[in-house]
Amino acid sequence: MDNSLIIALDFANKIEVEQFLQPFGDRQLFVKVGMELYYQEGPSIIHLLKEKGHRIFLDLKLHDIPNTVKNAMKGLARLDCDLVNVHAAGGKEMMQAALEGLEAGTSMGRKRPYCIAVTQLTSTSEEQMNKEQLIPVSLIDSVLHYSVLAKEAGLDGVVCSAWEAEQIREKVGQPFLTVTPGIRLKEDQTGDQKRIATPDFARNAGVSAIVVGRSITRSADPVQTYQKWMEIWKGVHS
Ligand SMILES: O=c1ccn([C@@H]2O[C@H](COP(=O)(O)O)[C@@H](O)[C@H]2O)c(=O)[nH]1
């Protein structure tokens, strides 16, 4: 997981995914499949990406009663992804149930996928959280609270913004993954994200992985843009 750049494949269907991936040739990537793509294509999209050797973050953000999450995770474990997630707002019991399901669904001799919890979405501002979710604390306190809850539940880390990663590490200790979407180059549009950061900022904050979607997927030349990102993120030509 260390220092990965995960490309968010936010596409409407398999055809769009194949069109996007084709110019990358045989290069093996770390990709994220979210609700948009998975709800359209189902498990077959995971099989297809795995056949091509890509690592997969299945970003379905489960949030339901513990029994439902446990059984859903049992099924998702069979897809053999690298990383899956839940919403920390579902509570500690739900997060523990997610892990139980994952362990039950993982075949003998295989490693279960990492499981992380979304703290506060990177599209959430402190004002929205206070006024709409009626959570009367600062955004960082809410994120730290959910991170501690996730750790206590036995999860492997959290989804947060790069702005919170350092404080999470201090509070929760290591090993604990911080996977950070909302990463933007200076020239990129912010879009619907509220807590954005540059790749330089994220690297200095010591995040475990960055998630990059539209900056790469909607660019005129995705391969070139990916290479540019990798140079900035890792300081290497990929
Ligand atoms: O808090 C969160 C959790 C998940 N995401 C997902 O990451 C990508 C970000 O895409 P961009 O185009 O780079 O904004 C997207 O798939 C989200 O569903 C997030 O942004 N924030």
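Colleague: Is Lys61 buried, exposed or partly exposed?
Modeller: In this predicted model, Lys61 is partly exposed, because 17 other C-beta atoms lie within 10 Å and a buried residue would need 20 or more.

Colleague: Where does Lys61 sit, and what does UniProt place there?
Modeller: Lys61 belongs to strand β3, residues 55–62. The UniProt record, an unreviewed entry, places the feature "active site" at Lys61.

Colleague: Which residues is Lys61 in contact with, leaving aside neighbours within four places in sequence?
Modeller: Those residues are Asn85, Val86, His87 and Val118.

Colleague: Turning to the helices, at what angle do α7 and α8 pack?
Modeller: Helix α7 (residues 139–153) packs against helix α8 (residues 162–172) at about 45°, and their axes are 10 Å apart. That angle makes α7 oblique to α8. The crossing of α7 past α8 is right-handed.

Colleague: Which residues meet there?
Modeller: From α7, Ile140, Val143, Leu144, Ser147, Val148 and Lys151 take part; they meet Glu164, Gln167, Ile168, Lys171 and Val172 of α8. By class, the contact has six nonpolar, two polar and three charged residues.

Colleague: What does Leu149 touch, not counting residues up to four places away in sequence?
Modeller: Leu149, a residue of helix α7, touches Ala88 and Lys92.

Colleague: Why does Leu149 count as partly exposed?
Modeller: Leu149 has 19 C-beta neighbours inside 10 Å, so it counts as partly exposed; buried would require 20 or more.

Colleague: How far apart are Leu149 and Trp163 in space?
Modeller: Their C-alpha atoms are 19 Å apart, with a separation of 14 residues in sequence.

Technical notes
Residues numbered from 1 in each chain as written. Predicted model: local features only at pLDDT ≥ 70, side-chain atom pairs only at ≥ 80, totals over all residues. Axes fitted to C-alpha atoms, helices over the stretch in contact; angles between N-to-C directions. Helix = DSSP H or I, 4+ residues; strand = E, 2+ residues; numbered from the N terminus. Parallel < 35°, antiparallel > 145°, perpendicular 65-115°, else oblique. Left-handed = near helix turned anticlockwise from the far one by under 90°. Contact = placed C-beta atoms within 7 Å. Nonpolar A, V, L, I, M, F, W, Y, C, P; charged D, E, K, R; others polar. UniProt positions renumbered as here; feature names shortened; annotations may be inferred. Buried ≥ 20, exposed ≤ 12 C-beta atoms within 10 Å, placed from the backbone.
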